[in-house]
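Open the structure in your viewer and keep the selection tool at hand. The stops below start at the ligand and end at a helix.

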Amino acid sequence: MREIVKVERASKTYKEHRAVHDVSFSIREGEIVAILGPNGAGKTTTLSMILGLIKPTSGEVRLFGKEPTERTVRERMGMMLQEVSVMGGLKVKELLELFRHYYPNPLALKEIIALTALTESELGMRVEKLSGGQKRRLNFALSLAGNPDLLLFDEPTVGMDTTSRQRFWHTVHTLSEQGKTIIFTTHYLQEADDVAKRIVLFNQGRIVADDTPSAIKGKITKSYVTFKAKPQWVKLLAGFPEVIDIRQEDDIIRVETEDTDAVLALLFHERVGASSIRIEQGKLDEVFERLTADMKEVG
Ligand SMILES: Nc1ncnc2c1ncn2[C@@H]1O[C@H](COP(=O)(O)OP(=O)(O)OP(=O)(O)O)[C@@H](O)[C@H]1O
């Protein structure tokens, strides 16, 4: 697959403040990548550098092998930013037509409407009359006007209701299946876990993890084996090295471990007589908290 985005040793400093520090990654055609991180981690700054809206203080960004500001590059990308300001005075349909004319190979209006589920009555509304959620859907439609190969969304689902949110992600999947490359920032860990094929986790201007959601969870989170057994087993099991922590409430015992297979083997080997055994993997939230907490301790 072709490399679509290349960020190489990019840093951005505002006066003395380092918003992004020495960040490198590359994104290939058809990938869906979530940029995740707490407030002020550098997500928007990184996205803005990719979009060519701000220039890195050092390092470089290449899109399709070129400068992000080149016209031929701009024609191939669509964006949806946090600040929603749409041109007033026009109807939704008129604004979409206007945007389509900016591009050499625009997407057919029919297709934009199908992808974003804008209704006939919404198309006839003046843009300043739209609700917050409708404005975001219009912005989504505008980002598709040029039939872009690369789409960048900054917290795209903020203000959307559950149905709009589900429809939005469904469309993103469709677009990805068409070979489009998608990058989005989000605060919703579950959303990143569900939608993205890859998560780039930022903290304090640096990348602290870059992998598939399952690899990130698998690598860092602890897992749990929960089962029913007599409480007297707790003391014995606590002495084994594969048991990081053990808790008991009534007849339910919960073992925290990095190796669930070893704990299962232990239960059978020691003839614990466990029943209702369940294995739980930690959630992405846990990884996120741990990684960002580690950074605080270091820095
Ligand atoms: N124009 C600016 N001038 C000065 N500092 C800025 C500017 N833009 C961003 N910063 C600072 O750079 C850091 C990174 O900001 P950025 O907006 O990239 O974070 P973010 O991860 O997108 O945060 P959020 O989740 O709150 O949107 C923050 O400390 C922010 O205060």
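A residue counts as near a molecule if its C-beta atom, placed from the backbone, lies within 6 Å of it. Keep in mind that this model is predicted.

Start by selecting the ligand. The residues around the ligand are Tyr14, His17, Ala19, Gly37, Asn39, Gly40, Ala41, Gly42, Lys43, Thr44 and Thr45. Two elements give two or more residues each to this shell: strand E2, residues 17-28, and helix H1, residues 43-51. Which of the elements supplies the largest share of the shell? Helix H1 does, with 3 residues. Colour the shell by residue type next: 7 of its residues are polar, 3 are nonpolar and 1 is charged.

Now select the strands. Three of them form an open sheet, where the pairing is antiparallel and the order is E2-E1-E4. At the edges are E2 and E4 (58-63); each has a single partner strand, so one side of each lacks a neighbour in the sheet. From one strand to the next, the twist averages 15°.

Zoom in on E1, residues 3-14, together with E4. How many bridges join E1 to E4? There are 5, and the two strands run antiparallel. In general, strands of a sheet pair through backbone hydrogen bonds.

Finally, go back to helix H1 and show the sheet with it. H1 lies across E1, E2 and E4. Relative to E1, the helix H1 runs at about 125°.

Methods
Residues numbered from 1 in each chain as written. Predicted model: local features only at pLDDT ≥ 70, side-chain atom pairs only at ≥ 80, totals over all residues. Helix = DSSP H or I, 4+ residues; strand = E, 2+ residues; numbered from the N terminus. Nonpolar A, V, L, I, M, F, W, Y, C, P; charged D, E, K, R; others polar. Pairing = 2+ DSSP bridges. Axes fitted to C-alpha atoms, helices over the stretch in contact; angles between N-to-C directions. Contact = placed C-beta atoms within 7 Å.
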